[in-house]
Each structure stands twice: as C-alpha cells, then as structure tokens.
Amino acid sequence: MQRKWLFFMMIPLLSWASDEEALFVRRIADFWQEGEYSIAKTQIEEFLQEFPESRYFHTLSSAMGDLCFREKNYSAALNHYAQVTDPGLTRQIFLNRMQCLYHMQWYATLADECEAYLQKPISIDAEEELQATYLLAIALYQQCLNAEKEPETLQKLALRARPYFETLFESKLSAEVAEGFAHLCCILKDHPKASQIYAALSERDPETEEEMLFNAALIQSEYDKELSAKSFGNIASRGEKRAPDAAYNQMVLLFDLGKYEELINSKELLLQSLAKEKAPPAHVYLGRSFLALKNYASAADAVQVYLEKAAPSDMARVALTTLAEAAFFMNDLPLLETAIENLAQTYPQSQELSKALFSKALALKKQQDLKGARRELEAVVARFPNFPQKAQALFELSHLDYQTSDWISCRKRAESFLTEFPTHELAPFARRYFLSASAEMASNAPQDKTFKEQLAKDIQSLLSAPASLSAAESKAWQFLLGKTFFELKNFNEAIPLLEPLCKEDPNANSLFLLALCYRDGLSDFDRFCKTAENALALNPPQAMQGQIHASLFNSYLERSQFEKAADHLYSAFETKAEIQLENLLWLSDFYGQLGTRRERTALLLGHILEEKKLSFEKEPQLLESVYYKLAQIHDLLDKRESSLSLLETLLAQYSAHPDISWDLSKETQLLLGQMYLHGGKQEEAERLFDAILASNSSPRASVAASASLLGARLKIAKAIEEKLPPTHPDLVKQIAQLKNLILQKTFYNEPIYLEAALDYVDLLGNLDRDSVEEKKLALLFKTKEDFERRDDLLSQDYHEAREKMPRIEKVYQGYMQFIDAEILCLQALSAKDASEQKQLQAKAKDLLLQIIEEKAHPDLKSRAEHKLNELIAVGNH
C-alpha cells in the first residue's frame, strides 16, 4: 500500500488552514511518514470528529479506509470510504472499496458498482479495468452459486456474467477464471464452450493436460456423446493414467449411442485398455450390443464369458436376461431353459425369471405349439401373480383363444384382462377381442340381435363397471354407445347418454352428435344450432368443421337468419367442403349485397369459374353473371387490370360463339367501359357508353345514368381539349345531358346525379370566364336548393328514399357538406378582409377534413382531397 501520498497531498493545503487545523494535520503527516500508523489512525479519527468540514476530510477519510482495509476490518473501511465524495479520491479508492464488498460477500452490490464504473465515460487504466472486470465477474459468479435453486435468476446472472468472463479468459487472468468460466457455460447449457475451455487449459500445462482433456470429454457427453466418445478414445490411446477410465467411458458412450458395430469392431483394443476389474462387465456391454444387432449367437457367447466367473450381482442378472433374450430370438429352447434354470437357482423370485418364462411361452407360440404356450402362460401367471409381464400374459391367453376360435373363453379372458388392467396400453386391443368375440358369437347365432344391438349391449356392460375404465376411456365408450344408438335411430336412448357427457367433458364429436339428435330426433332446430355452434368453438378437425358449418347453413337458412347462414357456408367453403353451385352463387350474391365482404366474394366467384367448369354454350347468362360480378369486385378492390382481363376473357368467349342468341348485359358493358376508361382506352370506353345510351334506357336507371355521366365527361374533356367555344353544339349537347341527369335524379342511384351536378357547376362556371367565382357560387347555391327541394313528385320520392337507405343517405350528406365547403371557399375569395377570409377558409377546411376522415364515397373523397390541396396551396401563397 502506498502511504507517502498522504503527506505530500496535505502539505500544499496548509496555507489556507487555521493554525490549529494545520498543526493537527502536520502532526498526522509526521506520524504517517514515520510509520506510526496506529497513532496516525487515532489522530485521524480525532481530526475527523473535530473538523468535519475541513478540506482534509475526504483525504483523511480515504486514509482511514485504507488503514482499516489493511487491518481487514472491511466494514469499517467501507464506512470511511463512504464519506469520500471527492471524484479524484473516489477513483483512487475504488478497487479497495470493491475488495471490501467482495470480502463481506456483498456480491450484488459489488457487481452493480463495478458494472456502473466500467460503463462510465472516463479513461480507465488498463490494469485497473482488468481488476474491476475480475471483481465484477467473480461477484456475478458467486451470485450464480447462491442461486442454484432459482433457475430463472440463475440464467439471468449467468448471461450477465458471461461477457466479462470472456474478456478475462483472453487476459493474463485466464488461468484464475477458467474453471469458473467453464461452470458458467455449463449453467448456460453452452457445453461446447465449457469443453473448449478445458481443452484450452490442457495446452497450457503438460502436467494437467490429460486431466483437463478428461474433463472436456466428460462435458462433451452432455451435448455430443459422439464427440465425447471420440475424445475418450483419444485419451485411452495415449496409454496414460486416465486411459483405463477413458476406455470404459468410451465403451459406455458407444453403447448409449447405439454404435454397436463400432463398439464390437474395437472390442480387442478396448478390452486391452480397460482396467482388469472392468473387463468382465465389458463383455456384458458387448453381449447387449450383439443382441441389438440381432447377432444372437455372439450375444450369447459374450455374456457366457462373463457368466463363467460371475458372482450374483445386478450385472449378472443383466447377463442372464441377455442370454435368455438371445436364446428366445434364436429359437434355442434348450439354451433358453438353461438361462431359466440359472435364474431360478440364483434369483428364484426375480422379475428376470418371470420374463424368461414368459419368453419361453412366446417361443412355444411362435413354434405353433399353442397348447404348450397356453400351459406355460397359465403357469407363469399362477407362479408370479404380480410379475411385470402379467398383462401381456393375460392378453396372449386371450389372443390364443382368439386364434383357436374359442369365443367364449376369449371373451372371458378379455373381460378378465380389462377388469385387472383397465388402463393398460393393450386394453384397447383387449376390448377389440372382447367386442370381436361378441360379434363372432352373434354371427354364429343368427337368432341373436343384430351386430349394432349386440355392440350397444357390450358397451353398456363395460360402462356398468366404471372402475374397469379410466375416465377418458369411459367417456369414449359412452360416446360410441351414443353413436350406436343414433345409428339405430334410437334417439331417446342417445340423447340422455350424450347430454351429461357434453356437459362434463364437451368435445366437438359428442356435441355435434347430440346436435344431430336434436335435429333428426326432436326437430329442435334451436338446440341443434346452439349445440353445433358449441362444437365448432372447440376447433374440431377440418373435415368435421366443414360438415358442421354446412349443417348450420341449412338450419339458419330455413330460419331466415341469412347472415349467419352465409358465414357458416363460407366457413364450410374455407374447409374445402364440397358445396353445390347454387349455394356458392347464393353466398356470393349475399355478400355482394352487403358490400363488406369483397375479398370473400372474389374468392367464391373465382372458385366457381375455376372449379365448376361453367359452359358458355349451355349457361351464357350464368357465366356472364359470374364474370361480371368478379370483375366488379376486383374493380372495388383496386385490381383493375384483373377486372379488365376478366371482362375481355368474357368478351372473347362471347365473340367466339356468334351462334348463341345472347347479348352482353348493359351492366357488363358499363363495367367494361369503366375498365377501358381506367386503362386509358377512351375511344373504346366512349363507344360502349354510347351503345348503352342508344338502347333507350331511362337516365333514372343506374346503368344508363352512369353511362350518361361517364360519356358526357369524356366528350366534355375532348371539347375542352379542342378548345371548342361555349356555344358549340357538341359542348351544348353534353351540358344538356348533364342537366337531364340532374333533373331526373333518383336517390337509389346516388352519387351519380350529385356528381353530374358538380360537373355541371364546374363546367358552366369555368365557361363564364368574366365572372367564374360569381357564376360558380350562384350555381352551387342553386344546386343545393335543387337537391333539398321537396315541391315536386320527383323530389318528394327522392327525399322519401333517404329514410329507407341510410348508407346512401350518408353519401348524400357528404356531398351536401362538400357543396357547403365549395361555397365557403368561393365566399372567402370575396371576403372583406384577411381575417374573414381565413375564417371562411378554416370552416371549409374543417368540412373537407371531416369528409376525408369519415371515409366517404371514393369519388367524393377524391374531390375533397383535391379541394383541400387547392385550399392549402392558396393559404401558403
């Protein structure tokens, strides 16, 4: 510890101290310089009490901390260090203070402070940084050791410590942290890294090389047994101290890995490397390996080598069991009996003996000595009433009866098996024998009831003894019984059976079966729908979902609950259930009327075109309808190229069949014209619009009104482009066409007439070049008045329809707001002053934003956005 620094730091400060304080400090400095630390310590304590506000306070507090640290009084040292707030001094005492925390086992505080110190934006000496990192890593590691019973906390601490250990492992402190780092990696399940650490340590010290490699191999067995086996093999080949243990571990790993051939191929080398006491059990591993490879003769030979000198032990039991298994698979009854004899002499009540006797019975059965097999099975069951293979033995007895067509005995033994082993994995097969025997008995006795009636009786007999069945199995058989009654149309028996089952443990199968009972047995469609919906809620298999949805569709349709019916039919469609064409068409029409399920409608119509193979020769009207509706939906989904492609495909089919007396509908022509218009094919579009109008359709009809508006827009745009005068006949004709539309408006077809009115205002207003604003303003006021008036029959019909069609009413109100916004914008242009102009523009802006935010009709939204941009541009200007 450096102590002279205290003396030299205090001398320059004496010039501003009081005489008494200066004298005190000089006295302390002299004691310190003379090495009288005990006296200096006492003097410092007195000074700190007498002069708590002194400028020497921090320096002397740090000195006291160092003295206490030197005396290993870490608690006192920490108290004194805590008094130091001077940045320079706190940095000088940092490592000492951290060591105090370490010795006091305040690991959490130590870790937090070291981590905070290392993250400070200050320059730190490399050695100091290394020491702080070491203390931080060790503190976190100690917390890991203390948190072994808290897995989540342990993982968090280990992850936090890892980067610091990695840094230290690459430093001069590598050797000190290596084993801790390896342990940390094991905690994090990073066994490869832990193994690498020991491998690295093995290269640093020849004396510990083998031990480190052995440790690395042990850790490798946690994540890569194959690599571990190879590593142990390398250690064994060195022939050093750990070679025998490594060879034995390699053999065990090869066996665990199922590398029986490799183990057998290296048996000579392994046996030479093993310690003497490990050689005998090695033959058992070899025997088990031969057995796994179905080399039963070699397996028998290997374990017999061990058994020649083996004393009774667990390994001896394994060897005798292996011998019995090998003999069984070799069909070597004499050898099997030898193994049984040895087991009976040494382990007369062992499980291994009962297993060997059971194997003998199976061997006899394999040799078709069914009487001998039955005799041995009955004997082993009698001798070992609780042996592990008893269930298999009883099952085999039942199977023997089944093979010999002894149905009465088979049924009895299967029932006995089910009574004693109701939850055994073979129980389902035993029940199958039970029911099959019952079925055979019924078939051999024609006077008995039918198979299903017998099956119902058998299941009832099983259910009458619930202790013989697990809860899950009892419910499964109860369901099967209900299903059997349903198939027998015995609904009065099925419903009371299924209702409690569905209440206690509802599942999709039982609920749907109960629903069908309500429908077919009681004609109770309300309960059918409710119960079937509950079945769907349990997410049954896809095929069953389709069946349930289709059933619910029919029921809801009969009850006129069309939306529910539609949703269930679509769900059935999603499950790829087979649905009739008329139902698919109904569903697409229903969704088309709703206007909110466009994606679904597109999928349905596309499916009809792809899968139902409609023929233009046989069903031109239906085919056109599907094409039209799908093209219309694609247009609404902004897939206009696809929409145009569909309509052109339809047109091509129409053109390819001139012999068919069928004309494309006006709706299809209108939509095709719209698609041409969107695609920039104006002449084709105009030609189609004119064709529609030429058919003498009333402008009050939706198609004719749309064609009239769109055709007029095209011709007006062409006239403006050609700079025709306002009085030119072509332009006057289109103005008149717009006026006709406005005068013959009908609410059901809006916003066609509202759009025509706004086009009319824009056109006439812009044609009056001398007073555009005044003209437009007057026309807007008149337009609003015309659409609000109720003094003629057409207007009265128009406004009466508003109450019946809320969706179109919302469109109407939006256009009225837009007209108000247009009026405000024009009034702002002639405002008295800037303040009034801003107020009018602000009101217009609010109305336009409201239209946009309320997701108005696309045409209106487009107008509002355009107008808002104009208004913003005017404001910016």
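**Salt bridges, a helix pair and local backbone geometry**

In the predicted model, Glu 262 and Lys 259 form a salt bridge in which the closest N and O atoms are 3.9 Å apart. Glu 262 is partly exposed, with a relative accessible area of 38%, and Lys 259 is likewise partly exposed, at 24%. The count of salt bridges comes to 51. Side chains of opposite charge can pair when their charged atoms come close.

A further salt bridge joins the side chains of Glu 115 and Arg 160, with an N to O distance of 2.7 Å. Glu 115 belongs to helix α8 and Arg 160 to helix α10 (residues 151–169), so the pair ties together parts that are 45 residues apart in sequence. Glu 115 has a relative accessibility of 15% and counts as buried, whereas Arg 160 is partly exposed, with a relative accessible area of 27%.

Arg 527 and Glu 499 also form a salt bridge, their closest N and O atoms lying 3.7 Å apart. This pair links distant parts of the chain, with Arg 527 in helix α31 (residues 525–537) and Glu 499 in helix α29 (residues 491–504), 28 residues apart. Both residues are partly exposed: the relative accessible area is 35% for Arg 527 and 31% for Glu 499.

Helices α28 (residues 471–487) and α30 (residues 508–522) have axes that come within 11 Å and cross at roughly 25°. Since angles under 35 degrees count as roughly parallel, α28 and α30 are therefore roughly parallel to each other. The crossing of α28 past α30 is left-handed. On the α28 side the contact involves Phe 479, Gly 482, Lys 483 and Phe 486, which meet Asn 509, Ser 510, Leu 513, Leu 516, Cys 517 and Asp 520 of α30. The residues of this contact comprise five nonpolar, three polar and two charged.

Most residues other than glycine have a negative phi, and most peptide bonds are trans. Gln 105, in the loop between α7 (94–103) and α8 (107–118), has a positive phi near 65°. Asp 638, in the loop between α36 (620–636) and α37 (640–655), has a positive phi of about 60°. Gln 105 is exposed, with a relative accessible area of 55%, and Asp 638 is exposed at 62%. The peptide bond between Glu 750 and Pro 751 is cis, with omega about 15°. Pro 751 lies in the loop between α41 (729–743) and α42 (752–767).

Technical notes. Residues numbered from 1 in each chain as written. Predicted model: local features only at pLDDT ≥ 70, side-chain atom pairs only at ≥ 80, totals over all residues. Heavy atoms only, no water. Axes fitted to C-alpha atoms, helices over the stretch in contact; angles between N-to-C directions. Helix = DSSP H or I, 4+ residues; strand = E, 2+ residues; numbered from the N terminus. Parallel < 35°, antiparallel > 145°, perpendicular 65-115°, else oblique. Left-handed = near helix turned anticlockwise from the far one by under 90°. Contact = heavy atoms within 4.5 Å. Nonpolar A, V, L, I, M, F, W, Y, C, P; charged D, E, K, R; others polar. Buried < 20%, exposed > 50% of the residue type's maximum accessible area, 1.4 Å probe, protein only. Salt bridge = Lys/Arg side-chain N within 4 Å of Asp/Glu carboxyl O.
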